[in-house]
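I opened the model to look up its ligand shell, its domains and cores, and some backbone details. My notes follow in the order of the look-ups.

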Amino acid sequence: MASQQSLPEFVADLEKANFLVRISDQKRVDEIPKILEANPTKAVLIEKIKDTEFSMLANAYSNQGMYAWAMECDKTQTGLKMAEKAQHKIKWELVDTAPCKEVILKGPDVDLTRLPMFLHHDRDGHAYTNDNLFISKHPDTGVYDWGVYRSMFRSKNEKSVDMTCTSHRQRIHAMAAAAKGNNLEVAIVIGGPILDKISALVGVSADTDDFEVLGSFYGAPAKMVKCETIDVAVPANAELVLECELMANEGLAFDEGPYGEYTGMYGGGLKHNYRLKVKAMTYRKGGIYQHGTIGGLHPWYTDNMLQLPAIEADLLGSLKRAGIVVREVRAPAGGLSNIAYAKIKPLGGGDSKQALGIMLTCSKQGLPKIAMVFDEDVDIWDDQAVLAAMAFRYMPERDTVMINDCNTMTVDPKCVAPGVASKIGLDCTIPLGPSWNPEEFVKSTVADLGNPPTNIKAMTEDQLTSDMLALITKAPRSWREILAHYHGQAYPVVYKAFGNIRRKLGRTNDPPWYRYTISDSPFAYEAHPRAPSNFDPLHVAASSA
Ligand SMILES: Cc1cc2nc3c(=O)[nH]c(=O)nc-3n(C[C@H](O)[C@H](O)[C@H](O)COP(=O)(O)O)c2cc1C
C-alpha cells in the first residue's frame with residue numbers, strides 16, 4: 001500500500017478492506033448530505049450524480065481504523081509510525097504527464113459547476129470543496145507546503161478559502177507574497193489516498209519540503225507533475241487539480257462561512273478570508289470527485305478527524321525528543337482533536353508535568369486544549385480505564401497544569417480572542433517520591449488459588465483448629481496464606497477453625513498484608529485503642545507502632 005496510489009486504486013483497496021459503501025442509483029446533489037450522515041463509519045462512493053460527469057467519494061479518511069489501515073499497523077501505533085516517517089525525507093521526481101492531464105480546461109472554460117456542488121449543512125454560506133490539498137511554495141525560500149483548507153464557491157471560476165489560522169503554512173506563504181506586493185500561486189489537489197493526506201498533516205518545520213516527507217511515507221520518491229498555468233508541481237496521482245491565483249494582495253477581505261465545522265458547530269460564523277481565481281481545471285476523464293466530510297451530528301467520524309493521528313504523531317515525536325519515555329498517545333475521537341492522552345513511564349518526579357507542558361504546546365495543529373498523562377499500566381484506548389485513572393490518580397490541587405494564551409484553531413466557541421486558548425493538563429500518574437506510598441495504588445486483583453492438590457486427607461474441625469493455631473504461632477499469616485495452606489480442605493471447616501481461634505489473634509502492622517498473629521488485642525502492634533475522634537487521619541495502620 002505504501003506507494004503513490006491513484007484514487008481509483010485507493011477506492012478498490014478501501015472496498016476490499018470493507019471500508020466502503022457503494023451507491024449505484026443515481027442521486028441528486030441535494031440528497032448527498034443525508035447519505036453521508038447515514039454512513040458515518042464508512043467511505044461512501046456515489047457512482048452517478050445528476051447533472052455532473054463526476055462520481056463522488058466522501059468520508060474516506062474518517063476514523064482511526066482507516067488511519068491504522070493506511071499506515072499498516074494497529075491503531076495504537078499509527079502516531080508512532082507517522083512520527084517516525086516524518087523525520088525522514090526522500091527527494092521527489094518530476095514526470096512529464098499524469099492522468100490529471102486528460103481533461104484541461106483553461107481561462108473561460110474553467111467551470112466549478114462541473115463538480116458536484118451541494119449545501120452540506122443548513123447554515124453554510126455556500127457550497128464547499130473540502131478535500132482540498134492546497135500546494136504552494138514559500139515566496140522567499142521556494143520550499144513546498146501542502147495542507148488541507150476548505151474553500152467556498154463564489155462563481156464558476158472563483159472561490160474563498162479559510163486561512164484564518166495564523167500558524168498554518170499556506171497563510172504564512174500568502175502573507176509573505178503580499179509583503180512583496182505579489183499574489184500567491186496555489187494548486188488545489190482534490191482526491192487522493194489517505195497516506196498522502198496523513199503525510200500532509202503531520203507536523204514538520206517550515207523549511208521542510210512536504211513532498212520529501214511524502215516520499216518518506218512511501219519509502220520511494222513521490223512523482224510530481226507540473227501545472228499548466230502556474231509554476232507549481234502537484235503529485236502525479238492527483239485526480240483533479242484547480243490551478244489558482246490566491247489574491248494575497250487584496251488581503252483577508254472576502255466573506256467566507258459560516259461553515260459546519262469539525263467542532264460539530266458553525267465555527268466562528270462569517271469570516272474575513274482570501275479570494276482565489278481559478279485559472280485552470282485539469283482532471284482524469286471520468287474522474288472521482290472527493291469530498292471531505294466535516295461537522296454534522298457525529299463530527300467524531302468525519303474526514304476532519306485526520307487531525308487525530310496528526311496530533312498523536314506530533315505529541316509522540318515531541319515527547320520522545322524531550323526525553324520522556326512515552327509508549328502511546330491517543331487523541332480520542334470524541335475529543336474532536338481537543339483532548340489527548342499519553343501513556344508514559346515517568347523516570348523522575350517531574351516527568352509527568354513536563355510531558356503535559358509538551359503535549360499542550362508542541363503540535364502544529366495548535367491542539368489539544370486538554371491533555372492527560374497516565375502510567376504504563378493504564379490502557380489509554382479503553383475509556384473506562386482512562387476514567388478510573390482520572391478518578392483516583394488525579395488530585396486537582398497538585399496535578400493540574402494550566403497555560404494561558406496558547407494557539408488554537410479559530411473555531412472554538414469558548415475562545416474570547418479567536419485562535420487563542422488556555423490549556424489544561426491533568427496528571428493522572430502515580431506520584432513518585434518519598435511522601436507517596438505506591439502500595440496505595442496497587443490494583444486489587446482477584447484471588448486465584450489454582451486447583452487444590454489431589455489426595456488431600458480431610459481434617460476434622462478440631463484437627464484443623466489446632467493445626468491453624470500452630471501455623472500462625474510459627475509465623476504471622478495473611479488470610480490468603482492460610483487459605484492456600486489448607487487448599488483442598490472443605491471451606492466450612494477452614495472458616496470454623498479460624499473462628500475458633502479468632503479471639504487469640506490480632507493483626508500485625510506489616511502492610512500491605514496486615515497478617516494475623518497471636519495477640520491479646522485486635523491490633524497486635526497497638527497496646528491501647530485510639531481515643532474516639534471525628535478526625536481520623538489514617539484509618540489504616542498507625543505508622544508509630
Ligand atoms: C478535512 C480538513 C479540513 C481542514 N480545513 C481547514 C481550513 O479550512 N482551514 C485551516 O486553517 N485548516 C484546516 N484544516 C487543518 C489543516 O489542514 C492542518 O492544520 C494542516 O496541518 C495545515 O497545514 P500547513 O500548515 O502545513 O499548511 C483542515 C484539516 C482537514 C483534515
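**Ligand shell**

I listed the residues around the ligand and got 21, of which Gly147, Val148, Arg150, Asp162 and Arg169 come nearest; a residue is near a molecule if its C-beta atom, placed from the backbone, lies within 6 Å of it. I note that this is a predicted model, in which local features need pLDDT of at least 70 and side-chain atom pairs count only at pLDDT 80 or more, while totals for chains, interfaces and linings use all residues. Residues are numbered from 1 along each chain as its sequence is written.

I then sorted the shell by residue type and found 7 nonpolar, 8 polar and 6 charged residues. Here Ala, Val, Leu, Ile, Met, Phe, Trp, Tyr, Cys and Pro count as nonpolar, Asp, Glu, Lys and Arg as charged, and the others, Gly among them, as polar.

Which elements supply at least two residues of the shell? They are strand E8 (144-148) and helix H5 (169-179), and E8 gives the most, with 3 residues. Helices (H or I, at least four residues) and strands (E, at least two) are DSSP runs, numbered from the N terminus.

**Helix H5**

I checked burial in H5 and found Arg169, Gln170, Arg171, His173, Ala174, Ala177 and Ala178 buried. A residue is buried if 20 or more other C-beta atoms lie within 10 Å of its own, exposed if 12 or fewer, and partly exposed in between, with C-beta atoms placed from the backbone. The cover over these buried residues includes strands E7 (132-137), E8, E11 (184-190), E14 (240-246) and E16 (271-283). After H5 comes Gly181, with a positive phi near 80°.

**Whole chain**

I counted 14 helices and 24 strands in the protein chain. The C-alpha trace spans about 105 × 50 × 45 Å along its principal axes. Buried residues make up 45% of the 545 residues.

The chain is divided into domain 1 (7-303), domain 2 (322-441) and domain 3 (453-545), with bounds from an automatic or database domain assignment. I took the C-alpha centres of domain 2 and domain 3 and got 43 Å between them.

**Cores**

I looked for nonpolar cores, meaning sets of buried Ala, Val, Leu, Ile, Met, Phe, Trp, Tyr and Cys residues joined through C-beta atoms within 7 Å. The largest has 122 residues, and Ile188, Ile198, Val234, Val241 and Ala342 have the most contacts inside it. Helix H8 (residues 307-321) gives this core its largest share, 7 residues. Domain 1 (7-303) and domain 2 (322-441) each contribute at least three residues to this core.

I followed Ile198: leaving aside neighbours within four places in sequence, Ile198 is in contact (C-beta atoms, placed from the backbone, within 7 Å) with Tyr67, Ala70, Met71, Met82, Phe217, Leu306 and Pro309. A second, separate core has 9 residues, including Val494, Phe498, Leu505 and Tyr516.

Why is helix H4 (residues 78-86) largely enclosed by the rest of the structure? I found 8 of its 9 residues buried, so the helix is largely enclosed. The cover over the buried residues of H4 includes helices H3 (64-70), H6 (194-201) and H7 (210-218), as well as H8 and strand E18 (326-330).

I picked out Lys85, which sits in H4. Lys85 is buried, with 22 other C-beta atoms within 10 Å. Leaving aside neighbours within four places in sequence, Lys85 is in contact with Ser216 and Phe217.

**Backbone exceptions**

I kept in mind that most residues other than glycine have a negative phi, and most peptide bonds are trans.

- The peptide bond between Gly257 and Pro258 is cis, with omega about -5°, and Pro258 lies in the loop between strand E15 (254-256) and E16.
- The bond from Leu367 to Pro368 is also cis, with omega near 5°.
- Asn18 is not a glycine, yet has a positive phi of about 65°; Asn18 counts as exposed, with 10 C-beta neighbours inside 10 Å.
- Glu72 has a positive phi near 55° and lies in the loop between H3 and H4.

Key: Contact = placed C-beta atoms within 7 Å.
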